[in-house]
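Hi there,

Here is the structure I promised to pass on. My notes on it follow below.

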Amino acid sequence: MVSSELLMEKAGYLEKDASDLIAEAQSGNQAAFEEIYRLHVGRVYAICLRILADRSRADEVAQQVFVRAWIKLCSFRGESSFASWLYRLSINMILDELNSSKRESAHIQDSGPVTPGSHVETAHNLKLDLEKAISSLPKQARAVFVWHDIEGWKHEEIAGTMGLAIGTCKAQLSRARRILREVLGT
Amino acid sequence: MKCADFVDRMDDYLDLALPQSEQQNLEAHLAECVDCRERVRSIKSLLCQSAALPKSINPDHDLWPAILPKIHAAGIPQTNIARPVRFQWSWRLTAVVVAGAALVLAATLFLTHHPESQSISSSGSSVLRKTGEELPAPRGQQPRLPAITGTTESAKNGIVPSEDSGASIGRVMNSTACQCEPSAEILGVVENALLVDESLPDSRSAEVVSDRLFNLARENEDDFFLLKSSLEVLPFPSRVPDSVRDRYRRLLLQHPGEAGLTYLYAFSLYGKNTPEMIRLMKQLIAENPSFPWPNFALAKVYGFPNMPVDMSRSGYIYNDPNKVQTYLRAFMELCPESPEPIRILISVTDPLFFSSTLSHMRELLVTRTDTRSLLMYPALWSMETTRQAGDAVANQTWQWVSADLKRLLSLAGGRPPEFLSVLWSGYRGMGDMETLRILLAKDTSIEGRSAFVAFDTQEWSANNPAPAADATVQTKTAYWEKRLQRTDIWIKKAPEFTFVWMDRLKSLSELKNHPETEFTGAGEKVLSLLRGGADSLSLDFMKLATLYANRGVRLDQIPSLIREGLAAVEKRDLENANDLKSPGFNTEMGRFLPWQYADDAWHALFDAYLRIAEIDRARSALDEVEKGMTEWRNKIATMQANTQVNNSYSLLIVTDGLLAREKWLNEARGRLALKKK
């Protein structure tokens, strides 16, 4: 058996166990919740930023996600992964934001692609360019592309989540890939 | 087909969403159309880049200062008084984690059985619902099993009960076989069964554990997963006793056609009668399309030897990356939440399928807490750090590994000894030598002790470079004395390993000031370990012979030692034989190393006899070298006949080795003639 002393040897720099943190946060400990925030903010922010393609909106929605998570924390009961629970909460908040057509029209035009950026030389630049190109995609095509090709969802799941027909979903993915190839010149 | 038709269906083609016939039509078009090939290449490149994008991006500025006042205003989280006190206590107790195995198991069982917890479930991140935060019911939730009573005396003693002991074998297929993973109870039983008496030799411990699991299966209504685990702990595809196959054959004879037992019997044929195994597995898939495991077994067979994709696959009869993917996909369709594909993902060649499966596997593993799943982390890390291209991806991966390790440490309490290997392999990968040393020093398993000695040897050698050939005698003696002292630590840590004694022997062979009995004593120890057969390299017989000859002791034993070594190599080949390799392929005797070591020993013996002017015996040694040369020439002819390896680097090396030996032989003949005069 692995002894508890062994664990204690490394305990100096160990963060608290995640489930313990959640339990503490559920009882109202804000410091514990801050630790949870720090563990998960990158993942939440990434999906917000990629789908919304707008830093200030991503900031805003990511904040809302964590506020909502705090409020609903006790509906998380520990059998599923907390990351999955939070991820799904994020998706719901993002969808709400996307469906807010009034605000949407002020930020994103469902139009053609922007022109390609600077010359691509390194893998790092290539990734930056790809991120930039994704952010330039039309709203629906972008969401479908991010969920299908980056997050690995199936068309059925995307269609169900976004309230689209599967055929529409496929068409949007095809459109996104075509635009990205044009923009990136690959 | 026109290009426009192809383009219409290109995305479905790339996502493998088309029926096979249509997929083939598109492939036929691709074969003859340069433009469409370019289109496909371009999209694949895009998909590779997309898959490699980081899953985590930190915001430009900290969002917490803006969140804090909002949660402060919201008060404490809602409904935190809804749970029964007992549940809360138990759940928190589990979260404390650093507890014994019994406590963890008890907490797991409590959670599984608790009425409230049964309504809580997870289905992973991909199945979403728009409303509410409760997740839908899990896929493949298993029927409840009767309470596990633990090992009985017969199980502890490794005695196999009679197969017709009355358990209802029909349960195998009716309940758990259609499921993807064992229940928490069964997982707990398997974990306990894996704890073995460390005094047992490695080769025997697998059989003991297998018998124990088999007995436990019989006690638990022939639980499919226990029976399956009983097979999986054995060293397939070779060195599995016929009695095991016979055990499953007899079970199947009692219940002909039963799918779970057919699978188990078919698996027992892996490596022994693989064509029959494949036939049975395919038949099972045709008759029971929802039964996942035949797909996994076939992916395993077609992936053998399960090595990195850039290594040669020639000589492995069934190796077929396309089939690996086909069967692995089928398995994953049926068991999307199973982490088992990690075990064979290394054989997958398609980069898209590989990377998407790999990230899926990570998502699954980070939610798991059972030992069986956690033991898969090193395989995950290995693939993430070797097959994912680009510095940014590598940096991200190491961050993941670092986070994984913190999580694993928090989950380490009460785990079986194997769990430590997950931790130290992670810290080794991270280059955290300080933690690696602490963990290795704690690991008393065979693997852990072996790794400790390897690590310490490497570190010691780095700090104590071997003296140059022209160094003074004093420098050389000081070095070998220091090394000899270090071998005390290695021997104390792993006395059953030949290599630690060989190291001691080598040091003593360089230290002529030590008594001969000390040297021969270490040699006897090496020999007894080699003849005991536990964890020894057959080539060590020849190395031992060379050291004896160099020191000029036991010269009369050397010819028999060399022959014993070659015979041991042959025996080992026979033990490792399986029908997944072409006959003679990849055997030790098929390589040059045994002959090279044998030659080295004969050379040393020749020199030793020449030193003491035993001319006839020296000539006999030369005759043996000549015989060995014939072997070398025959092997080179075989290599040259094989067009795949002709002009290869290895052929050049071997040919070079042969020329050097011919040169040595001529010189030796000259020296012999001179000595005679």
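**The cores**

In the largest nonpolar core, which has 121 residues, Ala545(B), Ala601(B) and Leu605(B) touch the most other members. A nonpolar core here is a set of buried Ala, Val, Leu, Ile, Met, Phe, Trp, Tyr and Cys residues joined through C-beta atoms within 7 Å. A residue is buried if 20 or more other C-beta atoms lie within 10 Å of its own, exposed if 12 or fewer, and partly exposed in between, with C-beta atoms placed from the backbone. The biggest contribution to this core comes from helix α30 (residues 593-611) of chain B, with 11 residues. Domain 2 (100-120 + 147-291) and domain 3 (569-677) of chain B each supply at least three residues to this core; the domain bounds come from an automatic or database domain assignment.

Please keep in mind that this is a predicted model: local features need pLDDT of at least 70, side-chain atom pairs count only at pLDDT 80 or more, and totals for chains, interfaces and linings use all residues. Residues are numbered from 1 along each chain as its sequence is written, while chains are lettered from A and ligands numbered from 1 in the order in which they are written.

What does Ala601(B) touch, leaving aside its neighbours within four places in sequence? Ala601(B) is in contact with Met542(B), Ala545(B), Thr546(B), Ala549(B), Ile558(B) and Ile562(B), where contact means that the C-beta atoms, placed from the backbone, lie within 7 Å. Another core, of 64 residues, lies apart from the largest one, and its members include Ile22(A), Tyr45(A), Ile150(A) and Leu47(B).

**The two chains**

Chain A has 10 helices and zero strands, and chain B has 32 helices and zero strands. Helices (H or I, at least four residues) and strands (E, at least two) are DSSP runs, numbered from the N terminus. Of the 186 residues in chain A, 44% are buried; for the 677 residues of chain B, the figure is 34%. Among contacts in chain A with a separation of 6 or more, 61% are between residues 24 or more positions apart. In chain B, 63% of the contacts between residues at least 6 apart in sequence join residues at least 24 apart.

**Helix pairs and covered helices**

Helix α25 (residues 473-493) and helix α26 (residues 498-510) of chain B pack at an angle of about 155°, with their axes 9 Å apart. Axes are lines fitted to C-alpha atoms, for helices over the stretch in contact, and angles run from 0 to 180 degrees between N-to-C directions. That angle makes α25(B) roughly antiparallel to α26(B). Angles under 35 degrees count as roughly parallel, over 145 as roughly antiparallel, 65 to 115 as roughly perpendicular and the rest as oblique. Residues in this contact include Trp480(B), Leu484(B) and Trp490(B) of α25(B) and Val500(B), Trp501(B) and Leu508(B) of α26(B).

In chain A, the axes of helix α9 (residues 155-162) and helix α10 (residues 166-184) come within 9 Å and cross at roughly 110°. This makes α9(A) roughly perpendicular to α10(A). His155(A), Glu156(A), Ile158(A) and Ala159(A) in α9(A) meet Ile166(A), Cys169(A) and Lys170(A) in α10(A).

Helix α16 (residues 293-303) of chain B is mostly covered, with 11 of its 11 residues buried. Its buried residues pack against α14 (259-268), α15 (274-287) and α17 (321-334) of chain B. As for α14(B), 10 of its 10 residues are buried, so it is largely enclosed by the rest of the structure.

**Backbone details to check**

Most residues other than glycine have a negative phi, and most peptide bonds are trans. Where are the cis peptide bonds in the loops of chain B? One joins Phe236(B) and Pro237(B), with omega about 5°, and Pro237(B) lies in the loop between α12 (224-232) and α13 (242-254). Another joins Phe304(B) and Pro305(B), with omega about 15°; Pro305(B) is in the loop between α16 and α17 of chain B.

Arg239(B), not a glycine, has a positive phi of about 55° and lies in the loop between α12 and α13 of chain B. Arg239(B) is partly exposed, with 15 other C-beta atoms within 10 Å. Arg554(B) also has a positive phi, near 50°, and sits in the loop between α28 (539-551) and α29 (558-575) of chain B.

Best wishes

Technical notes. Contact = placed C-beta atoms within 7 Å.
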